[in-house]
Amino acid sequence: MPDTPTNITAQPSFSDVAKEVIRNSIRSAICIDDRYAAAYEEDTSRLNVDEPRKLHRSFREDGLCDLDIYRFTTFEETWNSDVMLSNKDLLILDWELDADGNYDNAVKILNEVVQSKKIPFVVVYTSTADLHSVSKALVREFSPYNTEAFQEVSSALKANYSAISDDPDSIEADIFLEENTETFYEYLFNWNNREETESKLLTIFRQSFAVKAQIGEAAIKAKVSAAVRTIADQHDDGLLELSMMAMCQESVTKSPFRIERISTAQHAFYLNGTIVLAYHKQDKEDGIKPENLFAVFAEAIVSNPHNYLNILSLELKDRLRESFSRIGTQFSKTDEQAFFYHLENYRTLNNGSDYDLRSVYDFILKSWIGELYQQRLNEQPRILKFANHRFESLEFPPPKQLAETHKDLISELIKYCAYVSTSKVTERNDMTLRFGDLFVNSDKPNEFFLCITPSCDCLHPKDNINDNFYFVKGANFNGFQAIREAETGFHSFVLRENEPKCIKWQCKPFTSYISTNDVSQLKINYCGVEIQLRHLIVLKENYAQRIANESFGYGHRVGIDLPH
């Protein structure tokens, strides 16, 4: 009897699923261009009507995305952050918004977008002849260095290389950096060719600074790091930092953000969590037609070798967005009489005449978040199923056993722990002290304090605790040891001026009377000394509660004496 044919369905690849995630997740986009006709534009005689139509159609057909097109006139007339940053997933930004073809206004808009952290993707669409000119401008505009840093590092280079030079008086480091700016840009941009460019740069250092013949490349490179360290105390790659400084020789201001090159063939960068890609418009040889832009953008995100977490985040955000539209339905059906009967439990302010609205909101929010969590608990993102596949394809897989020599990995693990366990509340309206508020001593950067006062007492400190708050004290701790003891010890992981730090807590609670309950100007008394504190971060509830539990148990110890 002949075998019955079996239908075998091919399993979708990571690339297939990733493209589908992008298609489903990019729901709302905006395009800002000085030549594109906006919807309902009355006079389009001098404007481009055809390209925005094609662009709009492609985003609807290739994606599931609504695209709003705005014609740029001036920054003040065009930019509206309340509208343009609200629930948007992608910005298409014309680079030459100014009448003279300049990019000043494009940088202004990009700065607003990056600062908001509300739009994850930006496509810079340009008619400029050379895309590298856009990348160079982005590095200059979004670098933490400026002309002052350039002059400082020039002086530091001269001081460091004079000791190993046959002709120290001839060293002109500023001129050297200016003349080799293009090579420094090559080092920054060509991420996959840095070893070769490094060798080239070290040879130029040797020749330009008349380095003694017996000095090796390692020593030459060490001098670069020493010079850079005078400006950037913490860095992984001295040549990379110097490259950014060399490119910012004419920058007047420092950016609060740090631009980072993405390891892909595209002109792509990370900027404060936003991915920025640059493409030529269709009038260039390698230009992208408007009708192809969405497909090209999706392919660029998928082809990024380090894209796994970006796409997983996209899928999670999209699923949560769908869930948020459904949760709370039952709450809205609650009988008002029942709701306000329960609300009377929160009428605790001003001798029972006013509601404690902060506690009311906290109750409602936790109810909604709990519903959201339960809804999505058993629905795994499709991208998560490729975790093992992605692990096996990692170019540099993590070590089986963490060692103290794995300094870069330890640093990244501390950053990861900080993300998981802390919250940075950027727009905090209530500045009163909360459970989990974490501070540093303004005069002693190695001394930290954590508020472990129960939340109910933080809400009513005068009535409940006579304004005497509970704290524990901590100090800097070895990162490797803290990671090893992450789940057994009592540590916190924070970013301080973007540098990863570990804190080991002394779980011995003390109280301090707080006269001015404002975290922005908080003073405490510790061992008879008044200390001015600076607020760093908020430790998430579970992580703060664990430290609080251990600390409050300290006073309950009982010593016994038995024959032994």
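Guide: Let's start with the open sheet, where seven strands line up as E2-E1-E3-E4-E7-E6-E5 with mixed pairing. Strands here (E, at least two residues) and helices (H or I, at least four) are DSSP runs, numbered from the N terminus, and two strands pair if DSSP finds at least two bridges between them. This is a predicted model, so local features need pLDDT of at least 70 and side-chain atom pairs count only at pLDDT 80 or more, while totals for chains, interfaces and linings use all residues. Residues are numbered from 1 along each chain as its sequence is written, and side-chain values use heavy atoms, leaving out hydrogens and water.

At the edges sit E2 (66–71) and E5 (259–261), each pairing on one side only. On average, neighbouring strands are turned by 20° against each other, direction ignored. E5 runs antiparallel to E6 (residues 267–271), joined by three bridges, and Glu260 stands opposite Tyr270 in E6.

Now for a helix pair: the axes of H9 (residues 181–189) and H10 (residues 194–208) come within 9 Å and cross at roughly 155°. Axes are lines fitted to C-alpha atoms, for helices over the stretch in contact, with angles from 0 to 180 degrees between N-to-C directions. H9 and H10 are therefore roughly antiparallel (angles over 145 degrees). Residues in contact have heavy atoms within 4.5 Å; among those meeting here are Phe184 and Tyr187 in H9, and Leu201 and Phe205 in H10.

Terms used. Angles under 35 degrees count as roughly parallel, over 145 as roughly antiparallel, 65 to 115 as roughly perpendicular and the rest as oblique.
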